[in-house]
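Thank you all for making time this morning. Please have a look at the chain on the screen before I start, and keep it open while I talk.

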Amino acid sequence: MSTKQKFNVHFYANKKKVKEGKVQLYVRIVVNQRRAEFATSHFIEVKYWNEKQRKVKTSHQQSHLINAYIDKTVYEINQIIFEESAKGTKLSSKYIKEKYLGVGDTASTHKSIMDAFDYHNTKMEEQVKIGKVVKKTHTRYRITKNKVEAFMQHQYNLDDMPLPDLRLRFVTEFKQELRRSWYHLWSKSEQTQELLNYLEKNQSLKFVGIENQAGNEYWLSFPYILKELMGKEVYQGIEFAAFKENLTSFYNIYFLGNNEYNEDFELVDLREELNILYRNSSLINNEHKKYLLHGIRNIQGFISQLELNFGTYEQQNQSISMRDSLMYENLKFHLNRNPDEKIIIWTANFHAAKNLDQAEYKEGDDFYQTMKTLGHRIYEDYEKDLFSLAFISSQGETASIYDAEADPIVLDDSCWENDIERNLNFDYAFIDFALLKEKYGDNTAFNSCLLGYKSKYGNWLSIFDGVFYIKNMERSLPLNEKYK
């Protein structure tokens with residue numbers, strides 16, 4: 001090996017790349033003090049990183065697996081350095097990185113993942129022209145290509161990968177990435193996986209989202225989908241790379257709370273880019289236009305909603321109401337496309353309430369009276385077609401997947417749910433409020449804990465159509481973790 005060049009290969013925890021409180025592990029290649037880096041798919045809490053040893057501490061649950069990956073990667077890169085130096089190749093950190101990743105001028109003759117997509121989609125387009133494949137199927141494959149491309153950039157910091165590098169792990173991680181595009185507070189829950197698998201396999205069920213929030217990561221691929229389906233002219237007047245970075249910055253700063261992600265980010269720039277994209281899309285005669293315009297409106301709506309959420313108490317209440325309004329607009333979008341279909345909406349009790357103004361929030365606060373929920377909006381337009389079902393428990397514990405400790409469910413003595421437990425000797429029960437109305441009347445008010453396990457007084461028989469009672473509630477468990 002040449003003594004004129006000095007090499008160093010090591011891993012480090014990139015504290016600027018944070019996802020869900022975990023830092024991303026990067027590989028750094030240094031040649032004569034010039035470095036090149038690339039991201040790995042591993043994220044860990046910074047407390048588990050041993051900076052001196054450049055390894056994961058043994059106290060981490062998967063330290064042996066990640067450290068084995070670190071050793072293997074460093075060894076393989078050093079092998080490239082040894083073999084190329086033996087050939088007399090003048091090495092640079094960039095050259096070694098590209099050689100290892102199989103990209104750039106050093107790439108082999110292997111076809112890449114994007115090559116495979118382009119070949120497949122070209123052939124599919126030919127089938128569309130002769131009438132053997134419908135155009136909608138071809139469009140779905142084009143969207144899938146963009147999702148894969150966005151995933152590789154997000155997960156590996158790569159634009160493409162050689163097909164021989166496509167392993168089961170990539171497919172598994174991509175599948176999880178797609179599931180993260182569903183609202184992650186429940187899509188990452190251990191208890192929902194059987195349901196998600198059923199939805200994926202049952203073709204008679206169509207699973208769609210109505211939440212406009214960036215609680216999913218799918219919208220980060222929106223710039224690619226917009227360019228693919230509308231053409232390059234949709235970006236006339238703005239730069240694609242700048243829009244993509246601004247959208248990613250907004251997601252990281254405003255939703256994930258990573259204020260150090262991009263100190264140069266200006267929200268006004270993103271707003272202007274979205275306005276230009278909306279105008280450009282409106283002028284393009286394209287079959288996908290109405291869907292993509294709706295997507296742009298969702299992003300614009302979420303920006304306005306989140307800004308209100310950082311304001312005064314009254315503005316925060318407006319933000320909640322705006323969130324329900326945006327969800328209803330998305331629901332109507334699906335209803336208009338599927339007027340004869342039955343739709344089941346999975347949401348929190350609060351959002352499903354039909355007449356929240358018939359309950360009392362607390363003395364001196366008319367929060368419920370100023371709030372127009374998703375359920376209220378549906379009830380106004382589809383009164384006879386709506387059945388609003390709340391869920392409640394009288395025992396157990398509650399916690400999201402991000403909570404280390406669960407909160408025990410302890411109901412106030414005044415809660416109606418205590419009567420259910422005393423009078424019904426069942427672990428599960430469905431209670432039809434129509435039957436209770438026949439017995440007690442339409443305007444019967446009482447204390448219930450239907451909204452957040454806090455006793456509230458209201459005419460609950462008019463706020464919901466029924467209740468599904470689960471005696472003992474289990475906390476939500478995150479994937480791959482168990483709580484004792």
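What you see is a predicted model, in which local features need pLDDT of at least 70 and side-chain atom pairs count only at pLDDT 80 or more, whereas totals for chains, interfaces and linings use all residues. Residues are numbered from 1 along each chain as its sequence is written, and side-chain values use heavy atoms, with hydrogens and water left out.

Let me begin with helix 8 (residues 222-230) and helix 9 (residues 240-255), whose axes come within 9 Å and cross at roughly 145°. Helices here are DSSP runs of H or I with at least four residues, and strands are runs of E with at least two, numbered from the N terminus; axes are lines fitted to C-alpha atoms, for helices over the stretch in contact, with angles from 0 to 180 degrees between N-to-C directions. On the helix 8 side the contact (heavy atoms within 4.5 Å) is made by P223, Y224 and K227, and on the helix 9 side by F240, F243, K244 and L247.

Two of these residues, Y224 and F240, have ring centres 5.5 Å apart and planes at 75°, so the pair is edge-to-face. For the terms, rings of Phe, Tyr and Trp (its six-membered ring) pair if their centres lie within 6.5 Å, and planes under 30 degrees apart count as stacked, over 60 as edge-to-face and the rest as tilted. Both Y224 and F240 are buried, where buried means under 20% relative accessible area, exposed over 50% and partly exposed in between, with a 1.4 Å probe and protein chains only. Ring pairs also link Y224, Y235, F240 and F243 into a cluster. K227, in turn, lies over the face of F240, at 4.0 Å from the ring centre, the criterion being NZ of Lys or CZ of Arg within 6 Å of the ring centre and within 35 degrees of the ring normal.

Turning to the sheet, four strands form an open arrangement in the order 7-6-11-8, with mixed pairing; two strands pair if DSSP finds at least two bridges between them. Strand 7 (407-408) and strand 8 (428-432) stand at the edges with a single partner strand each, so one side of each is left without a neighbour in the sheet. Strand 6 (residues 389-398) and strand 7 run antiparallel and are joined by two bridges, and the bridge partner of E397 in strand 7 is P408.
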